[in-house]
Amino acid sequence: MHALEDLDVAGKVVIVRVDFNVPLADDESGNRIITDPGRIEAALPTLDYLRDQGARVLLIAHLGRPKGSVDPSLSLAPVAEALSQYLGTVVDLAADIDQARTLLERVSPGEMVLLENIRFDPRETSKDPLERAALAGELAELGDIYVSDGFGVVHREQASVTDIARLLPSAAGRLVQRESEVFGSLLGDPARPYVVVLGGSKVSDKLSVIGNLIPRVDRLLIGGGMAFTFLAAQGYSVGDSLLESDQIPVVEGFLEQAERRGIEVALPVDVVVADRFAADAQVRVVPAVAIPDGWMGLDIGPATAKRYAERIAAAGTVVWNGPMGVFEMTPFASGTRTVAEAMAAAPGMTVVGGGDSAAAIRTLGIEESAIDHISTGGGASLEFLEGKELPGLTVLEDSA
Ligand code: ADP
Ligand code: MG
């Protein structure tokens, strides 16, 4: 895999795939605002380098899931504005490939153009390799060199991620390089005990991850919404908590597999339950084996959080993906806070993956520099940890 430094970019047009898939919200006056600019900041080392080298840069990114047609609410305009502020120079937003070509002819070395949400074009995510290749060909014609720096998308076979890398001299950007190094070291020979903390809401997504992690880790600590499918698999009633009943047999399989291998799968011993999904709901702490009917578990309880913090402190390596509770609401943020603080204080190697987990670290005011690595890639980081091949990295390995 080439590093940025291996390519001569001065005066060239460099196409950079970045991950600007940031969370957006409407402010009081109805403007789209970026609630967590972490992914934009993560791209800056590569962009600063290219600027210093005098490259002309075309940035390609996606936002949300526009399903292959133009959706103004998913425009990258707020990103272009934020980026202009970070870089201290105007970054123009090109509505389409033609406009990008025109703008690139005008920019000076060191200046950048951002192409509008690439997923407005259905070919970007098409399953048909010919359709993707057609888009990749149009994009490649705009530049001389391709740099892959959107770690959050390297697990995807997509026109601006893989197909374009086959058409131009290609290199990994600073972010992709750093992420690959960190996750590569976790796959190789992580310091033991190797502990993975899993939470969040995407229960079925992450259940498949667990099967692939069991052979690699020493301990799994389970929190968040998925914990309830585990508790249900052990025969406990979970009230109105998140539950994917159809996954219970899968979870039973994991628990057996873990037991055979002597791997601890830690489940909550207590739970913060609420009578409805709201910040001002009635709240109680109950044993995990005694969740009352009509109540829903929205956070791990304090005894669980303490146990998980102890295991994190004792770990050689800890990877954390997925909040322990609905941390966006204060009454359900304690479990996530305790785990995040334990990560920050842990002597072992600490890695956080997952957009919401990274956002939790920032919104809860945890010292980011106390954590060894906060990944920008949720799905990509999990697939890397599972030992799956990531097409966006493989294509860079193969690049001449
Ligand atoms: P990440 O982005 O870090 O991978 P996910 O997207 O999987 O994390 O999940 C994050 C979401 O999970 C958060 O919005 C949080 O509110 C939600 N969540 C965590 N615990 C629960 C729970 N017990 N019930 C419902 N939602 C939960
Ligand atoms: Mg998420």
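Which backbone atom of glycine 355 lies 3.3 Å from an oxygen atom of ligand 1? In this predicted model, where local features need pLDDT of at least 70, side-chain atom pairs count only at pLDDT 80 or more and totals for chains, interfaces and linings use all residues, select glycine 355 and ligand 1 together: the atom is a backbone N or O atom. Residues are numbered from 1 along each chain as its sequence is written, chains are lettered from A and ligands numbered from 1 in the order in which they are written, and side-chain values use heavy atoms, with hydrogens and water left out.

Taken alone, ligand 1 exposes 580 Å², of which the protein buries 90% (accessible areas by the Shrake-Rupley method with a 1.4 Å probe). Then select glycine 297, which places a backbone N or O atom 3.1 Å from a nitrogen atom of the ligand.

Now show the whole shell of 20 residues around ligand 1, the closest including Ser201, Lys206, Glu328 and Asp356 (a residue is near if one of its heavy atoms lies within 4 Å). Colouring by element will pick out α12 (355–363), which gives the most to this shell, with three residues (helices, H or I, have at least four residues and strands, E, at least two, as DSSP runs numbered from the N terminus).

Finally, move to strand β10 (residues 219–222), which runs parallel to β9 (residues 194–198) and is joined to that strand by four bridges (strands pair if DSSP finds at least two bridges between them). Within β10, select arginine 219, the bridge partner of valine 195; the partner of arginine 219 in β11 is glutamate 264.

Key. A polar contact is a pair of N or O atoms within 3.5 Å; within protein, one must be able to donate a hydrogen and the other to accept it, and residues adjacent in sequence count only if both atoms are side-chain atoms.
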